[in-house]
Amino acid sequence: MLQQTTSKARKRITMTKHLSPYVNRDLSWIEFNRRVLEEAQDTRNPLLERAKFLSIVSSNLDEFMSVRVAGIQDQMRAGLTKTDFTGYTPAGLWKRLIKRATSMVFEQYRTYREVTRCLAKEGICIRSLDELNASQQKSVSDYFHEIVFPVLTPMAVDQSRPFPLVHTKELYLAVLLKREDAEEEEEPLFAIVQVPSILSRFVAVPGRVNSKKQEFVLLEELIQQFIHTLFNGYEPFSVHPFRLTRNADLTLNEEGAEDLLEEIEKELRRRRWGIPVRLEVAKGMHPFALQTLREELEIEDNLFEIDGPLDLSFLLRFASNLAGYDNLRYEKLEPVYPREFDETDDMFEVIRQRDVLVYHPYESFEPVNDFVLQAAYDPDVLALKMTLYRVSGQSALVQALAKAAESGKQVTVVVELKARFDEERNIAWARQLEKAGCHVVYGLVGLKTHAKILLVVRREQGTLRRYVHVGTGNYNDNTATLYTDIGLFTSHPVIGGDASALFNEVTGYSSPYNWKALGVAPTDLREKLFRLIDHEKAIAQAGRKAHIIAKMNSLSNQDIIDKLYEASQAGVKIELIVRGVCCLRPGVVGRSENIKVISIVDRYLEHARVMYFYNDGEEEVYLSSADWMTRNLMKRIELMCPVFDPGLRAILINMLKLNLEDNVKSRELKPSGLYEPVVSKDDKPFRSQFEAKLIPLWKGEI
């Protein structure tokens, strides 16, 4: 038996010797999106929630293609052949990504067909037009002619009319036509029609007599059915949907820009002409139409032939807007108002007495809005300073900041204009805040401001007191109901002093500051993490207990990974909860056998960044806006804030332990770079997000 065990151990060592010490970031992302797809495939999830996960897979892949894959293609066009730190050349990586993405899309559409079959059994039917009865056919015909037809614009392509601009991620129909009197051998005529995104993608069909079923047809199929109405005198003989994804990365010359806001607006207009990255077409598209698209769009590779509706992101709105069917959704969660603030109207009094931790979405985001509103109306508040990265479309917080400025407070808002895909919204908010009298700052050249911090300066008994809120997530009341995030309210003077210094560095000229509590990127956050990891390593080398738990979205910085490898080799127990990309390869004998990595993908997007260090029994816990990625540590303004209150530290440690106990939605990263479901040791299922909804449990009270 001993010989057999030894033989297996040798085999594991031999296998891992041939693996790179690091998992490639982009291949790791593909595995993350596959875990999202597994949620759509999980029959334990409510049916409409499975449909939403299918939508998220599509949205995720869109962004991945338009940013990450686009960047790799740029490297290939530039002739780069150097390998990255994981051992891949751009060309080699591109081939593997497309192969895995193609496989994933095939699985996604197989799952879509399964989900729609199950929905049909529940009375929710997405029909093809030939399945409708005569009454329904007339209804959709009326809808087309009265609502859809006036919005459509056919765009012919010939010698006098060049190929039109195809907008990124919009749905189009490629139409082949012939004249009614054309000779058989004449070359087809080509046109495109955009499927209007202003109209609902799913069209409700009147129910059948004595039927309770809700029936729908897809807008593009409705347009296909009546496409002939757009081309009088011509016969459409091939109509197929297609969709183009363009490079969406902004290329900004920040140092040469006189006005950053205007420069970003120009770049957003240029984004519409980004280089094509991916072409999706419906299966069975006519070869002539396909060849025309490839030539006109200048896209040779990265063609996805789809057996089903293009762009399943419409399923999110479809599942959300469907009336009734609550039995096919997650049980509704009503966020509770934190009891610490529920007993009084004076939030300042509460925060003066003790720090307060708020856990979203189980606890409401409203206290953040209320905190700013109270500050806006409080005559003793002199100044408010805040960072905004992504905010909601109807942000109560922005309205409260405007109210504070209008009432004479000094209000400074650092608005990040370069928050990807939120640039236009942030430009609008910036202008609205400036109009209200706020001082709006766009951050430092070359750095995104990703830190989440709010500072209120208040006059109290002849002195000034600083009140601070720091968070792991954006100041966005919408995502606060969808993401798990943590916010800390504190009046600790050391944190307050650091907060003032942080805003001074961002808004003015300031020499490097000696941070007392906060870790701030890009100046010293990485080095602070190094010190914390090295300290655990030294404790382990002295023969004492050493333990690190870190929860984040992504881990890809090579230097941090190497530090964790060193700590593992010294005997530090390391447990990582990394939702998405993880370039660290755990469980490798001699390198990372003391490191365990899990990922939790469930109802809510795991978004909190929390770090725990045992510190020889003097436990330290930090909240952070930063993932352990190079861009976060070196190219962004980020912060990491200590939790000084021992009771709150215990709460956060309890939360991390709940995550580590998950055996329902947790997957463990193996040395191969693949993930496997965590198996329950005692056959008792434990789902951390569903347990965490019991706030007293999360706060360690039961």
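1. Cys 125 is buried, with a relative accessible area of 3%; buried means under 20% relative accessible area, exposed over 50%, and partly exposed in between (1.4 Å probe, protein chains only). Cys 118 is partly exposed at 24%. The sulfur atoms of Cys 118 and Cys 125 lie 12 Å apart, and Cys 125 is the closest cysteine to Cys 118, so the gap is too far for a bond. Cys 125 likewise takes part in no disulfide. The structure holds 0 disulfides, a disulfide being a pair of cysteine sulfur atoms within 2.5 Å.

2. On the basis of these points: this is a predicted model, in which local features need pLDDT of at least 70 and side-chain atom pairs count only at pLDDT 80 or more, while totals for chains, interfaces and linings use all residues. Residues are numbered from 1 along each chain as its sequence is written, and side-chain values use heavy atoms, with hydrogens and water left out.

3. Salt bridges come to 40, counted where a side-chain nitrogen of Lys or Arg is within 4 Å of a carboxyl oxygen of Asp or Glu. One network of salt bridges links Glu 38, Glu 39, Asp 42, Arg 44, Lys 665 and Arg 667.

4. Arg 110 and Glu 107 form a salt bridge, with N to O at 2.9 Å. The two residues are 3 apart in helix α4 (residues 90-121), which means a separation of about one helical turn. Helices (H or I, at least four residues) and strands (E, at least two) are DSSP runs, numbered from the N terminus. An α-helix has 3.6 residues a turn, so residues three or four places apart point the same way. Arg 110 is partly exposed at 35% relative accessibility, and Glu 107 is partly exposed at 24%.

5. Arg 243 pairs with Glu 280 in a salt bridge whose closest N and O atoms are 2.8 Å apart. Arg 243 belongs to strand β7 (residues 234-246) and Glu 280 to strand β8 (residues 276-282), so the pair ties together parts 37 residues apart in sequence. Both Arg 243 and Glu 280 are buried.

6. Arg 687 and Asp 602 form another salt bridge, with closest N and O atoms 2.7 Å apart. This pair links distant parts of the chain, 85 residues apart: Arg 687 sits in the loop between β27 (675-677) and α20 (688-692), and Asp 602 in the loop between β21 (595-600) and β22 (605-606). Arg 687 and Asp 602 are both buried.

7. Glu 536, in helix α16 (residues 525-541), is buried yet has no salt bridge. Its nearest side chain of opposite charge is Lys 545, 9.1 Å away; here Lys and Arg count as positive and Asp and Glu as negative, with His and the chain ends not counted. The side chain of Glu 536 does reach the backbone nitrogen of His 547, at 3.0 Å. Apart from residues up to four places away in sequence, Glu 536 touches Ala 546, His 547, Ile 548, Val 572, Phe 613, Tyr 614 and Asn 615, contact meaning heavy atoms within 4.5 Å.

8. Phe 304 lies in strand β9 (residues 303-306) and counts as buried at 3% relative accessibility. Beyond residues up to four places away in sequence, Phe 304 touches Met 65, Ala 101, Thr 102, Val 105, Arg 278, Leu 279, Glu 280 and Val 281. Phe 304 and Val 105 are 199 residues apart along the chain, with their C-alpha atoms separated by 8.6 Å. Glu 280, one of these contacts, is also the salt-bridge partner of Arg 243.

9. Leu 37 is found in helix α2 (residues 25-41) and is buried, with a relative accessible area of 1%. The C-alpha atoms of Leu 37 and Glu 146 are separated by 38 Å, at 109 residues apart along the chain.

10. Helix α19 (residues 646-661) has 16 residues, and at 1.5 Å a residue should span 22 Å; the end C-alpha atoms are 23 Å apart, which agrees. The expected span is 1.5 Å times one less than the number of residues. Buried residues in α19 include Leu 648, Arg 649, Ile 651 and Asn 659. At the start of α19, a side-chain oxygen of Asp 645 reaches to within 2.8 Å of the backbone nitrogen of Gly 647.

Note on methods:
A polar contact is a pair of N or O atoms within 3.5 Å; within protein, one must be able to donate a hydrogen and the other to accept it, and residues adjacent in sequence count only if both atoms are side-chain atoms.
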